[in-house]
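Please keep the sequence and the model at hand while reading.

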Amino acid sequence: MSPAVKTVCDLAAKKAAGEKITMLTAHDAAFGALVDRAGVDLVLVGDSLGMVALGYDSTVPVTMDEMIHHARAVRRGVKEALLVGDMPFLSYQVGEWDAIINAGRFLKEAGCAAVKLEGGAEVAPLVAAVVRAGIPVLGHIGLTPQTAGQLGGYKVQGKDAESAAKLEHDARALEAAGASALVLECVPALLAKRISAEMKIPTIGIGAGPYCDGQVLVSHDLLGLFRGFTPKFAKQYALLADQADQALAAFRREVNSGEFPAAEHSFGSLVEEKEAPADKKA
Ligand code: KIV
């Protein structure tokens, strides 16, 4: 086994050693600590925050300030894994200045080691600028949720020859721009295999099949905590929302019936001491 990932540079070494890379999302300190204990290489403060924690319909409304607030919380829970901040919609697309300043906020204010941003060849100049400023960047192509509207919805990308060629071109452009790794979301497995074989930097798949150099999932999906929508690729390793339903309803029932709190959840006696008779008093 190769040593633990200490910097984004170690990701390529893992790929070269044929070892899989693991990444999970976290949006607060408690989740950060949980996923870190699982021993994953990378913890992503994803802008999935907007949907799984903030109640938005998409990731589009998520702001930089919300991302920084949550990334700072995750930082307090993560001890080992590399922390990656996800750049929200319009925090980088408008130009190099915004891209560098906002990427820098993840490092300076939240202690992240790297940022991730969505887009292909069109954002390569921005990736290059951020990398030149000394900030490691992970790319993200295929289904890019921030621009899902332009892609015709949350759909598998690269199914025909033309769009597959575009994704291969995007991957090459991002690698050339200095990206340290590439998230491939919702692309056919054999296309992901081709892209992974072609590139020196690792690919981290989500809905991109088994041939990527690593895998990422949204922790809320993996744990069965998010009921909004469960994509086909999101294997549910637990059904915690169902367990939460049962536990929370049990609390309400037991409070109403007087079963909770019992003696073991209370301090001191639950019954009044009998008043001692007057002649026994000291
Ligand atoms: O925001 C997020 O959680 C992500 C993952 C789906 C990779 O970008």
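**Aromatic rings**

K193 lies over the face of Y211, and its distance from the ring centre is 4.7 Å. The model described here is a predicted one. The structure contains one aromatic pair. The points below turn to helix packing and then to the backbone.

**Helices α2 and α4**

- Helix α2 spans residues 29-37, and its axis comes within 7 Å of the axis of α4.
- The crossing of α2 and α4 is right-handed.
- From α2, the residues A29, G32, A33 and D36 take part in the contact, and from α4 the residues A73, V74 and G77.
- By class, the contact of α2 with α4 comprises four nonpolar residues, two polar ones and one charged one.

**Helices α4 and α5**

- Helix α4, formed by residues 64-77, packs with α5 at an angle of about 30 degrees.
- The axes of α4 and α5 are 9 Å apart.
- α4 passes α5 in a crossing that is right-handed.
- On the α4 side, the contact is made by M64, D65, M67, I68, A71, R72 and R75.
- On the α5 side, N102, R105, F106, E109 and A110 make the contact.
- Six nonpolar, one polar and five charged residues make up the contact of α4 with α5.

**Helices α5 and α6**

- Helix α5 covers residues 96-110 and helix α6 covers residues 124-132.
- These two helices, α5 and α6, pack at an angle of about 45 degrees, and their axes lie 9 Å apart.
- That angle makes α5 oblique to α6.
- Where α5 passes α6, the crossing is right-handed.
- E96, A99, I100 and A103 are the residues of α5 that meet α6.
- Their counterparts in α6 are P125, L126, A129, V130 and R132.
- The contact of α5 with α6 has seven nonpolar and two charged residues, and no polar residues.

**Backbone features**

- As background, most residues other than glycine have a negative phi, and most peptide bonds are trans.
- L90 is not a glycine, yet its phi is positive, at about 70 degrees.
- The position of L90 is in the loop between β3 (82-86) and α5.
- F260 and P261 are joined by a cis peptide bond, with omega of about 0 degrees.
- P261 belongs to the segment after α10 (240-257).

Technical notes. Residues are numbered from 1 along each chain as its sequence is written. This is a predicted model: local features need pLDDT of at least 70, side-chain atom pairs count only at pLDDT 80 or more; totals for chains, interfaces and linings use all residues. Side-chain values use heavy atoms; hydrogens and water are left out. Axes are lines fitted to C-alpha atoms, for helices over the stretch in contact, and angles run from 0 to 180 degrees between N-to-C directions. Helices (H or I, at least four residues) and strands (E, at least two) are DSSP runs, numbered from the N terminus. Angles under 35 degrees count as roughly parallel, over 145 as roughly antiparallel, 65 to 115 as roughly perpendicular and the rest as oblique. A crossing is left-handed if the near helix is turned anticlockwise from the far one by less than a right angle, and right-handed if clockwise. Contact means heavy atoms within 4.5 Å. Ala, Val, Leu, Ile, Met, Phe, Trp, Tyr, Cys and Pro count as nonpolar, Asp, Glu, Lys and Arg as charged, and the others, Gly among them, as polar. Rings of Phe, Tyr and Trp (its six-membered ring) pair if their centres lie within 6.5 Å; planes under 30 degrees apart count as stacked, over 60 as edge-to-face and the rest as tilted. A charge sits over a ring if NZ of Lys or CZ of Arg is within 6 Å of the ring centre and within 35 degrees of the ring normal.
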